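Please look over the two-chain structure below with the sequence at hand. The paragraphs after it go through the structure step by step.

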Amino acid sequence: MTRRAADVGGGRSNDPTLLILTSLAAGPKHGHALLLDIEAFAGVRLGPGTLYGAITRLEQRGLIEPLGADDRRRPYRITAEGSECLAHALASLRRIVDEATARLDGRPARRTTLATR
Amino acid sequence: MRIPGRTWLLAFYPREWRERYGQELLALIEAEAESGRVGLRTTLDVGRAGLSQRLHSSGLLGNEPAPEARVRAGLLLVLCAWCAFVVAGIGLQKSSEQWQALTPLPDRALPQAAFDTVLLAAAIGSAAVFTGVLLVARPLLALILSGGWQQIRRPLARAASTTGLTVAVLVAVAVWAHHLSSAQRNGGDVLYGAAFLGLAVCGLCTIVAWAAAAVTIARRLTLPPRTLRLETWLAALVALAMVAMTAATSVWWAAVAAASSGFFGPGLPWQLLTLTLTMVVAAGLGCAGTLRAVRAPGHRTR
């Protein structure tokens with residue numbers, strides 16, 4: 001797994017940081033809009049604490065940035081580095097999905113595993 | 001819609017975090033409340049996330065803190081664990097009085113060896129902590145000379161006044177004890193019992209106050225890498241001493257229980273169980289702190 005993929009929750013599909021970046025890839029959102037969007041596309045309902053823990057980490061790493069506050073709600077948007085990170089994480093996930101699909105279909109695996117050496 | 005009842009949830013988070021994200025989080029919780037989604041699960045989620053954020057901010061969790069901050073956080077965790085261990089150790093020492101008299105001589109070898117191990121490990125651990133304090137004497141002096149006294153004055157004054165109070169209560173209880181019979185001192189006199197409990201609370205507050213002062217001071221000291229490495233070695237020694245004491249205490253406890261069934265009295269010895277559990281937790285935290293310090297990149301003990 002690449003370093004960039006590891007930066008976004010180790011490339012796990014249900015990781016809050018990956019879900020937030022995916023949601024923000026469609027445009028800036030504040031906390032509540034993020035929760036609703038993530039629930040809609042991933043079927044995962046994040047808790048407020050979990051969401052803001054992930055937002056804190058993403059902002060510290062420069063993968064998202066805050067926009068001007070709207071009352072007490074503050075929207076966030078994905079940065080260029082965040083988009084790049086998301087692309088790497090998705091590529092990493094895609095490799096696993098392709099491999100799993102190939103194995104389920106009975107096609108030969110593309111990589112040599114320890115068991116077959 | 002503001003819900004003042006939810007504001008307390010922010011107390012789980014460190015102050016800097018609250019200042020930056022607090023209102024946003026509250027606004028989100030309130031939006032969730034409007035859709036009837038706030039319950040115990042949300043409270044637990046916010047509490048867990050807040051404590052996790054505190055651990056991140058103190059340098060005990062995550063890779064974001066600088067290596068030096070991670071080493072420092074690990075060392076301070078070991079120091080706090082040692083303080084908790086000392087409290088449990090003092091309680092255990094009080095609970096284990098007269099075990100020799102109640103244990104038959106032929107069965108005394110194993111518990112005696114375990115007890116001696118506890119004393120030896122306690123001496124080694126104490127010496128390591130004392131050496132660690134001596135190592136930071138120069139940086140502490142430099143901090144004071146550079147005007148840092150104002151930053152550390154308050155916790156030091158608190159610790160010193162708590163110590164003074166404990167000494168005063170100790171002297172009063174000791175003088176009182178001389179006028180009481182052995183039966184009165186061992187539960188016969190309710191007032192004396194209450195005074196002794198007060199002394200124990202004062203002692204506990206003193207240890208906590210000095211630990212808090214040490215943490216406040218240590219965060220402000222400028223320590224060279226060599227000193228940090230030496231402190232890491234000492235922290236590892238302290239953690240090992242705690243593990244050895246916990247293991248030896250368990251052996252002592254089991255051996256005494258096997259040799260003298262009357263020593264612990266009827267039922268479960270809750271006091272000893274609590275003290276031993278405290279020792280186990282403190283030893284675990286000591287090991288975790290040491291690992292945090294040792295694993296920080298660029299600050300290996302080698």
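Ala247(B) is partly exposed, because 17 other C-beta atoms lie within 10 Å of its own. By definition, a residue is buried if 20 or more other C-beta atoms lie within 10 Å of its own, exposed if 12 or fewer, and partly exposed in between, with C-beta atoms placed from the backbone. Ala247(B) belongs to helix H9 of chain B, residues 225–259. Helices (H or I, at least four residues) and strands (E, at least two) are DSSP runs, numbered from the N terminus. Met279(B) is 32 residues from Ala247(B) along the chain, and the C-alpha atoms of the two are separated by 9.6 Å.

This is a predicted model: local features need pLDDT of at least 70, side-chain atom pairs count only at pLDDT 80 or more, and totals for chains, interfaces and linings use all residues. Residues are numbered from 1 along each chain as its sequence is written, while chains are lettered from A and ligands numbered from 1 in the order in which they are written.

Chain B as a whole has 10 helices and zero strands. Its C-alpha atoms fill a box of roughly 65 × 50 × 40 Å, taken along the principal axes. Of its 302 residues, 27% count as buried. Two residues are in contact if their C-beta atoms, placed from the backbone, lie within 7 Å. Of the contacts in chain B with a separation of 6 or more, 83% are between residues 24 or more positions apart.

The domain assignment divides chain B into domain 1 (4–57) and domain 2 (68–136 + 223–295); such bounds come from an automatic or database domain assignment. Taken over C-alpha atoms, the centres of domain 1 of chain B and domain 2 of chain B are separated by 37 Å.

Next come two helices of chain B. Helix H8 of chain B covers residues 190–220, and its 31 residues should span 45 Å at 1.5 Å a residue; its end C-alpha atoms are 45 Å apart, which agrees. The expected span of a helix is 1.5 Å times one less than its number of residues. Within H8(B), the residues Ile207(B), Ala209(B), Ala211(B), Ala214(B) and Ala218(B) are buried. An α-helix has 3.6 residues a turn, so residues three or four places apart point the same way. The buried residues of H8(B) pack against helix H3 (67–95) and helix H6 (137–178) of chain B.

Helix H6 of chain B holds Gly164(B). Gly164(B) counts as exposed because it has 11 other C-beta atoms within 10 Å. Thr206(B) is 42 residues from Gly164(B) in sequence, and the two are 9.1 Å apart in space, C-alpha to C-alpha. Trp149(B) is also placed in helix H6 of chain B. What makes Trp149(B) exposed? It has 11 other C-beta atoms within 10 Å.

Chain A has five helices and two strands, which follow the pattern α-α-α-α-β-β-α along the sequence. Of the 117 residues of chain A, 34% count as buried. Among contacts in chain A between residues at least 6 apart in sequence, 49% join residues at least 24 apart.

Helix H2 of chain A is largely enclosed by the rest of the structure, because eight of its nine residues are buried. Among these buried residues are Pro16(A), Thr17(A), Leu18(A) and Leu21(A). They pack against H3, H4, strand S1 (64–66), strand S2 (76–78) and helix H5 (80–104) of chain A.

How do H2(A) and H3(A) pack? Their angle is about 100°, with the axes 10 Å apart; axes are lines fitted to C-alpha atoms, for helices over the stretch in contact, and angles run from 0 to 180 degrees between N-to-C directions. That makes H2(A) roughly perpendicular to H3(A). Angles under 35 degrees count as roughly parallel, over 145 as roughly antiparallel, 65 to 115 as roughly perpendicular and the rest as oblique. In this contact, Leu19(A), Ile20(A) and Ser23(A) of H2(A) meet Leu34(A), Asp37(A), Ile38(A) and Ala42(A) of H3(A).

Finally, the contact between the chains takes 13 residues from chain A and 20 residues from chain B. On the side of chain A that touches chain B, helix H3 (31–42) and helix H4 (48–60) are the elements that give two or more residues. The largest share, seven residues, comes from H4(A).
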